[in-house]
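Q: Please take a close look at the pockets. I want to know about their linings and the ligand.

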Amino acid sequence: MFTRPVWVEISRQKLTQNLTRLRALAGGRAGVMAVVKANAYGHGLMQCAPLVIAAGADWIGITSVDEGVRARAMSLDPPILIMSGVWRGEAEAALEHALTPVVWEHFHLDLLEAAAQKLGLRGGSVPVHLEIDTGMSRQGVRFTRPPGDTEGSAALRGILERFHSGSALRLEGIMTHFSAPEVLDDAHPPSQIGFFAEALRVAYAMGLRPQWVSAGNSATLLAGRDIASLQSLADTIGARLLLRPGLSLYGYPPRFTGEVDLDRLHQVLTWKTRVTSLREIGAGESAGYNSTFRTDRKSRLALLPCGYADGVNRLLSNRGSVLVRGQRATIAGRVSMDQTIIDVTDLREVEIGDEVVLIGSQGGLSITAYEIADQIGTIPYEVLCGINQRVPRVLVD
Ligand SMILES: *Cc1c(COP(=O)(O)O)cnc(C)c1O
């Protein structure tokens, strides 16, 4: 139950349609991992995970064992990839809940071997995915040099050797992550795919037969141009390709300037609140902390019961807008921790109780996470993840 009039609505239909569309783009043979990390990009893990699974996601991807345990507690069957590796003290929980960790450090394998032994799991019964760092320089076994480079391949071989016949661990997948996720017309560095291909070749030559080859996010899937080459990489080693869309699942394709038909993705989230108080102030008066908003006419201000503690970014002060009565109203003065004031001087009909849209559509207008991202100098990912956990997520339609 929630009483404070600040909430997020998640459209079941739109999320389901987006997943269906992304599966079609992936092609019949590739699998799709629905990335639901960071509380499903702010949309609510509990609300979204069961829907994407029902809609046919082959995997779900998250970035902490905690989230994995929560997802598993919902009795969700599909495999869950922990894309962030495992930290000390997490390996047992990961295995007990049948979560599949991404690994790249030797200590990840040590932790998992020890946990497997403790739980009596042996003989390759613990699947893991190995990440290759092909140039993102963030996580994964570094492998970014030309074929024949001994140092890079020694590190890779060293970790691949850990999957010997006596190990409890099984190399179920090999993955990489591309460094150009946010813009569709920014091609993935061809070298990243090349290094990935070479790493797969090394693993194959060592007799390893991973079932999944996993690469590509929303931008890869929507731009499409790299899917065929990734598919053929998977084919050469007899594995299945796994694509990992996140942002696009929620109806926000990364931006592009090319000719890609994206009209069938729908924004899943609407963030709403209500007008909880109204007042009139005179010309020359001010509103909010530090009086940064000053009137030049008699003005009407409305109060919204949410602020930066909810994820209304403070950089939207005197800049951002919201929708009320099907029209735009701008934020007046500084966004407070739990309150925001809007200027409704030209919207005489606004009353206490009116529904206000912070992100989403109302009447014919809409405010998207792209717009807010531009106003505050960030990307839609951060805007969506920024909606605080204390805001309830409610499933609709
Ligand atoms: C977040 C993430 C994705 C999804 O990226 P989007 O740009 O949101 O589609 C895929 N793979 C990995 C490893 C990630 O961390």
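A: Start with the second largest pocket: 18 residues line it, and G311, V312, N313, L316 and I372 are nearest its centre. This is a predicted model, in which local features need pLDDT of at least 70 and side-chain atom pairs pLDDT 80 or more, while totals for chains, interfaces and linings use all residues. Residues are numbered from 1 along each chain as its sequence is written, and side-chain values use heavy atoms, without hydrogens or water.

A pocket is found on a 1 Å grid over the protein atoms alone: it is an open set of points where a 1.4 Å probe fits, with protein on both sides within 12 Å along at least five of seven lines. Lining residues have an atom within 4 Å of a point.

β16 (321–324), β19 (355–362), α11 (369–376) and α12 each give two or more residues to the lining of the second largest pocket. α11 gives the most, with 3 residues. Helices are DSSP runs of H or I with at least four residues, strands are runs of E with at least two, and both are numbered from the N terminus. By class, this lining has 10 nonpolar, 7 polar and 1 charged residues. Asp, Glu, Lys and Arg count as charged; Ala, Val, Leu, Ile, Met, Phe, Trp, Tyr, Cys and Pro as nonpolar; the others, including Gly, as polar. The volume is about 210 Å³, meaning the space filled by probe spheres set on the points, which are joined across faces, edges and corners.

Now the largest pocket. Its volume is about 440 Å³. Among its 24 lining residues, K37, Y41, M83, R138 and H177 are closest to the centre. α2 (37–41) and α12 (380–385) are the elements that give two or more residues to this lining. α2 gives the most, with 3. The lining has 12 nonpolar, 7 polar and 5 charged residues.

The ligand takes up the space of the largest pocket; the test is that more than half of its atoms lie within 2 Å of the grid points. Around the ligand are 15 residues, and K37, Y41, S218, L247 and Y381 come nearest. To count, a residue needs a heavy atom within 4 Å. This shell has 8 nonpolar, 4 polar and 3 charged residues.

For K37, one lies 2.7 Å from a ligand oxygen. In Y41, a side-chain N or O atom is 2.5 Å from an oxygen of the ligand. For S218, the distance from a side-chain N or O atom to a ligand oxygen is 2.5 Å. The protein covers 95% of the 390 Å² of accessible area that the ligand has on its own, by the Shrake-Rupley method with a 1.4 Å probe.

How values were computed. A polar contact is a pair of N or O atoms within 3.5 Å; within protein, one must be able to donate a hydrogen and the other to accept it, and residues adjacent in sequence count only if both atoms are side-chain atoms.
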